[in-house]
Amino acid sequence: MPQTPQNSLRTARVAWILFATAFAAGAVDIIGFAKLGGVFASAMTGNFALLAYHVAQGNTLSAIGSVIALLGFVSGCLIGFTLRRGRSERTTISLLLGSETVLLLLFAVYALWDVAAVRQQIVILAVAMGLQAVVGQMVSLSTIVFTTTLTRLIGHIADAIVTRNSTGLRDIREQMALITSYLFGALLAGVLTVKEISAVVFLPLVGVAVALGVHQLGGGFPGATNPPSQRGSAASRKRAGEPD
């Protein structure tokens with residue numbers, strides 16, 4: 001079924017929100033790894049691996065940082081799902097992105113004015129990424145877990161080759177753009193970090209602020225009734241015998 005102009009506009013708004021938050025996640029991971037003792041505040045799979053590596057090395061300080069990031073991320077998720085209860089989807093997304101924006105602003109202030117407060121910075125970033133994870137979960141397309149996104153991308157490519165489904169091709173473009181946004185955020189943060197440009201700490205804030213602005217000005221999320229990540233996956237689920 002062809003999309004109406006209104007649905008197309010909503011899809012574009014969702015895409016911008018996803019891309020902006022993916023950009024923020026990429027920047028956060030580079031900042032955490034390069035400036036906060038070798039931790040990932042967004043990618044918990046990588047954080048677990050780094051935790052094991054730090055423990056094996058006997059690097060207690062870095063291991064503690066990884067544990068703090070993990071606990072902060074879990075706390076952010078718990079806070080996000082608690083805020084979600086009893087609220088409409090639009091209100092919840094506004095509240096989560098708004099809270100994340102405040103946290104990332106607080107992180108930037110900490111990073112510029114109290115460089116030694118590394119653990120506090122890790123906590124703030126990890127909680128913010130936990131909130132962002134809940135936003136991604138609400139639209140079934142993560143902006144922080146890119147192993148899952150990459151797996152979906154490969155699956156959609158395989159489906160598109162076999163079925164020549166134009167909807168699947170649309171999802172492929174969306175997921176490739178999402179991964180590219182994350183990589184761009186990581187690359188830009190890496191360049192600014194290497195060049196020792198202090199403004200790098202504002203990159204995550206910029207990304208999430210853009211997402212919040214698009215959400216507020218664009219009339220909200222289409223939500224679970226019309227998430228872009230589910231449009232192309234419906235046929236795949238039916239072929240695999242999974243319930244819709």
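First, the ground rules. This is a predicted model, in which local features need pLDDT of at least 70 and side-chain atom pairs count only at pLDDT 80 or more, while totals for chains, interfaces and linings use all residues. Residues are numbered from 1 along each chain as its sequence is written, and side-chain values use heavy atoms, with hydrogens and water left out.

Start with the core. A nonpolar core here is a set of buried Ala, Val, Leu, Ile, Met, Phe, Trp, Tyr and Cys residues joined through side-chain atoms within 4.5 Å. Buried means under 20% relative accessible area, exposed means over 50%, and partly exposed is in between, with a 1.4 Å probe and protein chains only. The largest nonpolar core has 52 residues, and among those touching the most other members are Phe73, Leu97 and Phe107. Helices α1, α3, α4, α5, α7 and α8 each supply at least two residues of this core; helices are DSSP runs of H or I, at least four residues, numbered from the N terminus. The biggest contribution comes from α5, with 12 residues.

Contact means heavy atoms within 4.5 Å. Not counting residues up to four places away in sequence, Phe73 touches several residues, including Met44, Ala126, Met129 and Ile144.

Next, helix α2, residues 44–57. Which of its residues are buried? They are Met44, Gly46, Asn47, Leu50, Leu51 and His54. Seen down the axis of α2, these fall within an arc of 145°, so they line one face of the helix; the arc is that of the directions from the helix axis to the C-beta atoms. Thr45 and Ala56 are exposed, on the face turned away from the buried side. Just after α2, Gly58 has a positive phi of about 75°.

Ser66 is in helix α3 and is buried, at 0% relative accessibility. Leaving aside neighbours within four places in sequence, Ser66 contacts Gly38, Val39, Asn47, Leu50, Leu51 and His54.

Last, the rings. There are two aromatic pairs. Rings of Phe, Tyr and Trp (its six-membered ring) pair if their centres lie within 6.5 Å; planes under 30 degrees apart count as stacked, over 60 as edge-to-face and the rest as tilted. Phe23 and Phe184 have centres 5.7 Å apart and planes at 40°, so that pair is tilted. Phe23 lies in α1 and Phe184 in α7, so the pair ties together parts 161 residues apart in sequence. Phe33 and Phe40 have centres 5.6 Å apart and planes at 20°, so they are stacked.
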